[in-house]
Structure formats: C-alpha cells, structure tokens
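Visitor: I'd like to go through a model with you, a piece at a time. Could you put it up first?

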Amino acid sequence: MAHHLDNKAVHQAEVLSNRPISAGKDQPNYLLELKLDRSFTALPGQFIQIQISEPPLTTHRELEHQNGEFQPWTVEAELDHKTPLLNRPFSLADLRTVDGFTQASVLYKVRGPGTIRLSQFRASDNLTLFGPLGSSVFTLPERVDRVVMVGGGLGLAGLLFWTNGLIEKGLPVTMVAGAPTAEQIPLPKKLWSQRTSDTRNLSNVFSRLGPEAVNLYVATDDGSAGHKGFVTEVFDQVLAEKPPSERWAVYACGPWAMLRLIARAADEANVFCQVSLEEMMACGIGACQACVIKVRADNQQGWQYKLCCTQGPVFDARTIVWDQD
Ligand SMILES: Cc1cc2nc3c(=O)[nH]c(=O)nc-3n(C[C@H](O)[C@H](O)[C@H](O)COP(=O)(O)OP(=O)(O)OC[C@H]3O[C@@H](n4cnc5c(N)ncnc54)[C@H](O)[C@@H]3O)c2cc1C
Ligand code: FES
C-alpha cells in the first residue's frame, strides 16, 4: 500500500468492536477495532489522536433513557459529563486491509476521563480520528537475526503493529511484556498463560503471536505471572543469552525509567535499539510544545530540543539525553 509519512487528515471511523481483553476491573485493558476508508494508511510507530469529545451514540441512548427524552449533545452537556475536550493519542496496534477497507486496532488502558469515554463506544458507533501522526518510525537494520520487543504496561501496544510485520517477514521475535499484575498484562491470557498454538479465535492483533513465532516472557511487579520484578531484569537475562555471532535489534516502549535502563543495556551490549516515546501530548502537531525532549546534538551545549509528536515518536535510543532535568 502506498504511504507518505505526511498524510495526516481527519478520518471518520466506524467502531467494529470495543471490548475488554483482561478480566481486571481496576483499569481494564480494551481492544478497539475500527473500520476506516482505504485512504487511511500508516507506518509502524506512527500514532493517531482520537477525538473523545464526540459523544458515542450509546451515550445519547443513555441520556435519552435517563431523562426520558432525547437531549441534543452540546459542549455544555459534555462539560457537565466531565468530557475531556482534547484529543487523546494512541498507538496503532495493528492495521490491515479487509474487503477494500482499512481496519485499525487500538489497545488501550482505561485510566481517566478520556479512556472511560472511549470505553463507552459500541459497535456501529462512529468516531473521529486525526492521523497518522509522527514522522519517525520503526526501522530494521540490515542482516538482523532476531528482534527483541520490550513493552512496559500498555507500551506493548506501541510495538505490536511492528512486531506483526516482522513476524510476516519471518524474523524470530523475543517479546518481554511487563505489567503490575497478571490481570493487567495487555495480551489475551491464552497467549501468556498456556502458550497455545491455537490462536484462531484471537483478534488479528494477537493471532500471529503464538509460540512458533514469538518467544514470550512476562514480568509482573507482584509475581502473579512470570518473573517477579521488572521487564528490565528479564531483558538483561535475554541479552546475556545472545550468541556473539548474532545481530539483534531491540524495540522498546513504556515508562521513561524503563526505557532508560533498556537503552543503557542495549548500548553496553552494542545492540541497535529504538524506543517509542509516549510523552504527554496535547496538540499532536508541533504547536503546543508539550512533548519536548532533549536529544544529543553536535553543538556547544551537546543537546537540542525535539518534539515527540512531530519529530518522533520513535528515536534511536543512543540519541536521547536520558537525564532530562
Ligand atoms: C504517542 C502516544 C501513544 C500512546 N499510545 C497508547 C496506547 O496505545 N494505549 C494506551 O492505553 N495509551 C496510550 N497512550 C497514553 C494515552 O494517550 C493516555 O492513556 C490517555 O491520553 C489518557 O487519557 P485519559 O483522559 O483517560 O486519562 P488522563 O486523565 O489524561 O490521565 C490518567 C492517568 O494516565 C496518565 N497518562 C496520561 N497520558 C499518559 C501518557 N502519555 N503516558 C503515560 N501515562 C499517561 C496520567 O498521568 C494520569 O495519571 C499513548 C500516548 C502517546 C503520547
Ligand atoms: S503535542 Fe503539541 S507540540 Fe507535541
């Protein structure tokens, strides 16, 4: 599919499904599947902004039900319902063409007002999104033997589109997924608990992640699944097993403190490493300066500012000034 990096536009999407993929009641993880016009294309690493201020149809229905009559939706009504007006950024967890349409998947954690609102959208509701955003995407160096994905919490969502593409190319993948508890691992339990090869009933986002293609490790803070501790500890063990003759590429997305440790370990092992930064964003288009970070530069002070939204979100880990102060 032809793709230009700067093809951002406002798109209307139809919700195909929007459901929790984990049993946890506290901040559950949801998978949102969207149908878009074929003109929507994106590259792994790019992201979208979803306009959450739009009411889902179901909320119209709830209002109608509560008040006994239909209430037209207004900005005041949105504010009454504590609706956030800013768009919210999300990674594309998968993108494919089905029956002449583009289908996009978003994997998200219900955290605050925006994602609570997002979780209320139902099949056949429409939503508006803006994108694809970001100008720096994941890349694969030549002659790589294995790729290692490291996802901290919902950071894993930012790696899945890229992972699926690399699996299709036939590259062996090692994946390290971390979460506070087993319930919060952003993968279907079937994948990390039984490691079943039968992935037929899973969404396209997950169906290629069976044991034949992916060597999966999980880490949880409380030890309720996999290693008790941090993904970075598992990553160190994985790196220690690297045969000297192999060329590896590492991709990571998650909290800053995690990324800093992954970047340091990859650098010490002399392994190519890209990180996707999910800094707080407001406008997503380079206007508000909310997402500024320091990167190394060949100037007197040794660094310069870059914007994650327009100049990222993917960066070579060696270029980032990890102590931002
Ligand atoms: C490029 C990019 C890609 C993203 N991709 C995903 C994704 O695929 N899935 C997903 O679940 N989330 C993703 N996020 C984070 C997502 O945008 C926030 O979770 C969301 O905006 C929260 O909105 P809210 O109104 O529900 O919560 P808010 O009330 O805005 O925040 C609730 C809590 O979440 C924290 N939070 C808000 N934004 C972020 C952020 N950027 N990173 C970490 N914590 C945050 C806040 O500090 C607060 O504690 C991404 C962010 C960026 C910048
Ligand atoms: S989010 Fe506004 S400049 Fe990056």
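Predicted model: local features only at pLDDT ≥ 70, side-chain atom pairs only at ≥ 80, totals over all residues.

Visitor: Okay, helices then. At what angle do α6 and α7 pack?

Guide: Helix α6, residues 231-240, and helix α7, residues 256-268, pack at an angle of about 15°, and their axes are 10 Å apart. Angles under 35 degrees count as roughly parallel, and α6 and α7 are therefore roughly parallel to each other. The crossing in which α6 passes α7 is right-handed.

Visitor: And which residues meet there?

Guide: From α6 the residues are V231, T232, F235, D236 and L239, and they meet M258, L261, I262, A265 and A266 of α7. Sorted by class, the contact of α6 with α7 has eight nonpolar residues, one polar and one charged.

Visitor: Switching to α4: how far apart are its end C-alpha atoms, and what span should it have?

Guide: Helix α4 covers residues 157-168, and at 1.5 Å a residue its 12 residues should span 16 Å, whereas the end C-alpha atoms are 18 Å apart, which agrees.

Visitor: Is α4 largely enclosed or open, and why?

Guide: Helix α4 is largely enclosed by the rest of the structure, because 10 of its 12 residues are buried. The buried residues are A157, G158, L159, L160, F161, W162, T163, N164, L166 and I167. After α4 comes G170, which has a positive phi, near 90°.

Visitor: Pick F161 out of α4. What is it in contact with?

Guide: F161, which has its place in helix α4, is buried with a relative accessible area of 12%. Leaving aside neighbours within four places in sequence, F161 is in contact with A42, L43, P44, L92, A93, D94 and L95. With A93 in particular, F161 is 68 residues apart in sequence, while the C-alpha to C-alpha distance between them is 4.8 Å.

Visitor: Now loops. Where does Q184 lie, and is it buried or exposed?

Guide: Q184 lies in the loop between β9 (173-179) and α5 (189-194). Since buried means under 20% relative accessible area, Q184 is buried, its value being 15%. If neighbours within four places in sequence are left aside, Q184 is in contact with N29, K109 and A179.

Visitor: What about N87, what does it touch?

Guide: N87 is placed in the loop between α2 (75-80) and β4 (88-91). Not counting residues up to four places away in sequence, N87 touches Q49, I50, Q51 and A282. There is also a spacing to note for N87 and G114, which are 27 residues apart in sequence and, from C-alpha to C-alpha, 8.4 Å apart in space.

Visitor: Let's talk backbone geometry. Which is the peptide bond from G131 to P132, cis or trans?

Guide: The peptide bond from G131 to P132 is cis, and its omega is near 0°. P132 has its place in strand β7, residues 126-133. Another cis peptide bond runs from G312 to P313, with omega near 5°, and P313 lies in the loop between α8 (308-311) and β16 (314-316).

Visitor: Good. So what is the phi of S124, and what is it for N270?

Guide: S124 is not a glycine, although its phi is positive, at about 80°. The residue is found in the loop between α3 (113-118) and β7, and S124 counts as partly exposed at 44% relative accessibility. N270 is likewise a residue other than glycine with a positive phi, near 55°.

Visitor: And where does N270 lie, and is it buried or exposed?

Guide: N270 lies in the loop between α7 and β13 (272-276). With 62% relative accessibility, N270 counts as exposed.

How values were computed:
Residues numbered from 1 in each chain as written. Chains lettered and ligands numbered in written order. Heavy atoms only, no water. Axes fitted to C-alpha atoms, helices over the stretch in contact; angles between N-to-C directions. Helix = DSSP H or I, 4+ residues; strand = E, 2+ residues; numbered from the N terminus. Parallel < 35°, antiparallel > 145°, perpendicular 65-115°, else oblique. Left-handed = near helix turned anticlockwise from the far one by under 90°. Contact = heavy atoms within 4.5 Å. Nonpolar A, V, L, I, M, F, W, Y, C, P; charged D, E, K, R; others polar. Expected span 1.5 Å × (residues − 1). Buried < 20%, exposed > 50% of the residue type's maximum accessible area, 1.4 Å probe, protein only.
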